[in-house]
Amino acid sequence: MELQESERRKSEDFWLKAVRYSALLAWAIFTVALVISYYAAPETDYGVLRYHNISIRKFWLTPLTGYLYVFLWLSALFSYISILVHKYRSRRKTDNKQFNVLLLFIISIAWVVYIVTRLI
């Protein structure tokens, strides 16, 4: 039979709140990056558009791509900060693993690599 350990933490300290807020900020910045990417990415070439001779943009908008690049790096930075602080501040098995922040970090870096390779 396993003994239940009582929770000795009185309340959340500054660092646990910093982890939570940095993760929220990273996700908010990532959401803004999604909106920017919608407007910066080339338009899809549908057959109906070709049939009606409607011109479409086949290139990335450079000013918006610059903003997208910055927002993705900021999202990756805040998620990395959250991962680091969580690594050094969580000591119990019952603490959250924060897989969502790790996934956000990987997606942000992969998206930056994709944009850099597509623009070169």
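**Exercise 1. Covering helix α1**

What covers the buried residues of α1?

Solution. Start with the ground rules. This is a predicted model, where local features need pLDDT of at least 70, side-chain atom pairs count only at pLDDT 80 or more, and totals for chains, interfaces and linings use all residues. Residues are numbered from 1 along each chain as its sequence is written, and side-chain values use heavy atoms, leaving out hydrogens and water.

Step 1. List the buried positions (buried: under 20% relative accessible area; exposed: over 50%; partly exposed: in between; 1.4 Å probe, protein chains only). In α1 they are V19, S22, A23, A26, I29, F30, A33, I36, S37 and A40.

Step 2. Recall the helix repeat. An α-helix has 3.6 residues a turn, so residues three or four places apart point the same way.

Step 3. Find the cover by contact, meaning heavy atoms within 4.5 Å. The cover of these α1 residues includes α3 and α4.

**Exercise 2. The overall fold**

Task: describe the protein by its elements, burial, contacts and surface.

Solution. Step 1. Count elements as DSSP runs, numbered from the N terminus: helices are H or I with at least four residues, strands are E with at least two. There are four helices and zero strands. From the N terminus on, the order is α-α-α-α.

Step 1. Take burial. Of the 120 residues, 26% count as buried.

Step 2. Take contacts between residues at least 6 apart in sequence. Of these, 69% join residues at least 24 apart.

Step 3. Take the surface, computed by the Shrake-Rupley method with a 1.4 Å probe, where for residues only the protein chains shown count as cover. The protein exposes about 9400 Å², and carbon and sulfur atoms supply 64% of that area.

**Exercise 3. Helix lengths**

Solution. Step 1. Set the rule: the expected span is 1.5 Å times one less than the number of residues.

Step 1. Apply the rule to α1. With 27 residues, α1 is expected to reach 39 Å; from first C-alpha to last it reaches 38 Å, which is close.

Step 2. Apply the rule to α3 (residues 62–89). Its 28 residues should span 40 Å, and the end C-alpha atoms are 40 Å apart, so the two agree.

**Exercise 4. α1 against α4**

How do the axes of α1 and α4 cross, and which residues meet?

Solution. Step 1. The axes of α1 (residues 14–40) and α4 (residues 99–119) come within 11 Å and cross at roughly 35 degrees.

Step 1. Assign the hand. A crossing is left-handed if the near helix is turned anticlockwise from the far one by less than a right angle, right-handed if clockwise. This crossing is left-handed.

Step 2. Name the partners. From α1 come A23, A26, W27, F30, A33, L34 and S37; from α4 come N100, V101, L104, I107, S108 and W111.

Step 3. Sort them by class. Ala, Val, Leu, Ile, Met, Phe, Trp, Tyr, Cys and Pro count as nonpolar, Asp, Glu, Lys and Arg as charged, and the others, Gly among them, as polar. The contact has ten nonpolar, three polar and no charged residues.

Step 4. Look at one pair. N100 and A23 are 77 residues apart in sequence but 8.9 Å apart in space, C-alpha to C-alpha. N100 is partly exposed, at 42% relative accessible area.

**Exercise 5. Around α3**

Solution. Step 1. The buried residues of α3 are T65, L68, L72, S75, A76, S79, S82, V85 and H86. They pack against α1 and α4.

Step 1. Take V112, in α4. Its relative accessible area is 3%, so V112 is buried. Beyond residues up to four places away in sequence, V112 touches Y69, L72 and W73. V112 and W73 lie 7.5 Å apart, C-alpha to C-alpha.

Step 2. Take R89, in α3. R89 is partly exposed, at 30%.

**Exercise 6. A positive phi**

Where does N53 sit, and is N53 buried or exposed?

Solution. Step 1. N53 is in the loop between α2 (47–51) and α3.

Step 1. Its phi is near 55 degrees, positive in a residue other than glycine. Most residues other than glycine have a negative phi.

Step 2. At 70% relative accessibility, N53 counts as exposed.

Conventions: Axes are lines fitted to C-alpha atoms, for helices over the stretch in contact, and angles run from 0 to 180 degrees between N-to-C directions.
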